[in-house]
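Here are my notes on this model, point by point. Please read them with the coordinates open.

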Amino acid sequence: MKRVAIVKSRFNEEITSRLLASCMKTFKSEGWTDAQLKVVEVPGGWEIAWAAQELARTNLYSAVVTLGCVMKGRTPQNDHLARSLVQSLHRISLDTRIPVILGVITPNNAGQAMARTRGKMDRGHEAALAALEMIKLKEDLRGS
């Protein structure tokens with residue numbers, strides 16, 4: 001049975017809950033069940049990479065989707081966090097050979113964040129679609 005792990009940050013909960021809801025809706029519209037989707041919540045963006053790595057290392061999941069919101073603040077902390085997170089997730093994906101999907105948004109403000117949770121810019125939906133595409137690609141490459 002194929003399974004996907006989803007790591008969701010609780011920081012900026014209003015945004016990340018919306019990302020998760022659209023991500024789950026997309027998987028379910030493609031026929032995935034709750035039994036195939038494991039959701040793990042972490043306190044904030046910093047903890048996403050650790051949880052993604054632990055889940056990927058189990059080899060139980062066809063992909064790991066990460067959902068978070070690192071919003072611009074008055075200090076450069078968000079830049080450091082976002083840069084480190086992206087680099088860490090990329091490394092985890094390459095090292096474990098498990099697709100790790102970046103569904104962490106980095107908006108400048110709450111309005112931009114909300115805009116990325118609905119309609120054409122719905123990043124939760126996009127993250128689920130990317131995971132499904134990478135799972136299929138991985139299967140195709142290993143089958144050829």
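1. Read along the sequence, the chain runs β-α-β-α-β-α-β-α-α. That gives five helices and four strands. The model is predicted.

2. Overall dimensions come next. A compact globule of 144 residues would have a radius of gyration near 15 Å; the protein chain has 14 Å, so the two agree. The C-alpha trace spans about 50 × 30 × 25 Å along its principal axes. Of the contacts with a separation of 6 or more, 77% join residues 24 or more positions apart.

3. Which residues have the most contacts inside the largest nonpolar core? They are V4, I6, F27, V65 and L67, in a core of 23 residues. At least two residues each come from β1 (4–9), α1 (13–29), β3 (63–69), β4 (100–105), α4 (110–115) and α5 (123–143). Helix α1 gives the most, with six.

4. V65 is worth a look. Beyond its neighbours within four places in sequence, V65 contacts V4, A5, I6, V7, C23, F27, I101, A127 and A131.

5. Another core, of 20 residues, lies apart from the largest one; I48, A51, L55 and I92 are among its members.

6. Helix α2 spans residues 45–57, and its buried residues are G45, I48, A49, A51, A52, Q53, L55 and A56. Their cover includes β1, β2 (37–42), β3, α3 (77–96) and β4. After α2 comes N59, with a positive phi near 60°.

7. The accessible surface is about 7900 Å², 54% of it from carbon and sulfur atoms. There are 21 positive and 14 negative charges, and their mean positions lie 2 Å apart.

Key:
Residues are numbered from 1 along each chain as its sequence is written. This is a predicted model: local features need pLDDT of at least 70, side-chain atom pairs count only at pLDDT 80 or more; totals for chains, interfaces and linings use all residues. Side-chain values use heavy atoms; hydrogens and water are left out. A nonpolar core is a set of buried Ala, Val, Leu, Ile, Met, Phe, Trp, Tyr and Cys residues joined through side-chain atoms within 4.5 Å. Buried means under 20% relative accessible area, exposed over 50%, partly exposed in between (1.4 Å probe, protein chains only). Contact means heavy atoms within 4.5 Å. The radius of gyration is taken over C-alpha atoms; the globule rule is 2.2 Å times the number of residues to the power 0.38. Accessible areas come from the Shrake-Rupley method with a 1.4 Å probe; for residues, only the protein chains shown count as cover. Lys and Arg count as positive and Asp and Glu as negative; His and the chain ends are not counted. The place of a charge is taken as NZ of Lys, CZ of Arg, CG of Asp or CD of Glu.
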